[in-house]
Amino acid sequence: MNRRVVGWFAILLSLVAPIAATSIAAAQERPSERASPAPEVNPNAVVWRTAAPPARPQAGDVWVNPKDGAEMVYVAPGEFILGTSDAQIDSWLKEHPGDRREWFKDEQPQCRVSLLGYWMGRSEVTNAQYERFVQATGHDAPGYWKGRKAPDGLGGFPLVYVSWDDASAYCAWAGDSLPTELQWEKAARGTDGRVFRWGSQWDRTRCRNFELITGRAYASLDEWATAGANWVRAHDPIREGPTAVGSYPAGASPYGCLDMAGNVWEWCADRWDGDAYNRYAKGDLTPPAKGDYRVIRGGSWYCGNPRLFRCAWRRYYGPDNRNVIDGFRCARDALSEAKGGPA
Ligand SMILES: [Ca+2]
């Protein structure tokens, strides 16, 4: 195992150890449920290839950002269900008896939150897109690149080894920002409070995850950690861990966003506050003002517990953290772009 791999593996264990858990129920393949209907998708949606986003987008419209070529999906203004209810936790614990109720407290109480309209990246930012940014700005290239070009064969893979500051700088260059945690969760689950992007049941075939990569479920943290250590010794995590963005269309969110479960964790703009959902439930939607850590969402290819792929799961990293399991996608507030573009 090379030094870099050892380094991220140690970070990973320290991150997961306090919260990872057993999940025996997933040891047997379940039949895949049908994907839930996607009421947020508008059959008359339009793909805009304009210099700026359209001034009056409709739900489901897509705008292609000419700066980096990213498809941005429009999430219409309105209410959605945030967080996890007691009933959802009851149901989860019946199926996953190794998990504990207290691990879900950061995503409670469940509440209704209304957001303004915004654009959300359909996919995680790729190496090829980041190369445009590096070439245009002189920003440092990631350490796993040779020089200032994306590695051969990885252009369509998500960028990894990216700090929160790197991700923020990219978003600013593209005219975007990192999504807020609220924007991220709405884009992942739509309006109806579903547990996973596709519905209520875990289905490892719908996203990039360690169960899928290794073809088995993990009954305990120790079992997963041992399997993970063995796996990284025998594989190249950069090329064999994550996969090209958009490889799991059956895992699309109700808005058509891809890989919001798995592949790589995604930085959000917010500072970490484990109590934030209590405040949101009282109507105060201001993001946390203090905190040394930044929110990450969505789980990664290396996660071996279904709980981490639920839309409401919240975790965090120090902003300087760089490793092979996290990346980001961009978002953009719609109101700040209420100019230009065809009517
Ligand atoms: Ca992801």
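Q: Is leucine 178 buried or exposed?
A: Leucine 178 is buried, because 24 other C-beta atoms lie within 10 Å (buried means 20 or more other C-beta atoms within 10 Å of a residue's own, exposed means 12 or fewer, and partly exposed is in between, with C-beta atoms placed from the backbone). This is a predicted model, in which local features need pLDDT of at least 70 and side-chain atom pairs count only at pLDDT 80 or more, while totals for chains, interfaces and linings use all residues. Residues are numbered from 1 along each chain as its sequence is written.

Q: Where is leucine 178 found?
A: Leucine 178 sits in the loop between helix H4 (164-173) and H5; helices (H or I, at least four residues) and strands (E, at least two) are DSSP runs, numbered from the N terminus.

Q: And which residues does leucine 178 touch?
A: Setting aside residues up to four places away in sequence, leucine 178 touches Ala167, Ser168, Cys171, Trp267, Cys268, Ala269, Phe328 and Ala331, where contact means that the C-beta atoms, placed from the backbone, lie within 7 Å. Leucine 178 and serine 168 are 10 residues apart in sequence, and their C-alpha atoms are 6.2 Å apart in space.

Q: What about H5, where does that helix lie?
A: Helix H5 (residues 181-189) lies across S7 and S8 and runs at about 140° to S7, with axes being lines fitted to C-alpha atoms, for helices over the stretch in contact, and angles running from 0 to 180 degrees between N-to-C directions. Nine of the nine residues of H5 are buried, so the helix is largely enclosed by the rest of the structure. Just after H5, glycine 190 takes a positive phi of about 70°.

Q: How do S7 and S8 run?
A: Strand S7 (residues 265-271) and strand S8 (residues 294-297) run antiparallel and are joined by three bridges; two strands pair if DSSP finds at least two bridges between them. Arginine 271 stands opposite arginine 294 in S8.

Q: What is the strand order in the sheet?
A: The open sheet of four strands has the order S9-S8-S7-S10, with mixed pairing. Strand S9 (314-317) and strand S10 (326-327) each have a single partner strand, so one side of each is left without a neighbour in the sheet.

Q: Changing topic, what pLDDT does the protein average?
A: The protein averages a pLDDT of 88, and 86% of the residues score at least 70; pLDDT is the predictor's confidence in each residue, from 0 to 100. Over residues 1-37 the pLDDT is below 50.

Methods: Contact = placed C-beta atoms within 7 Å.
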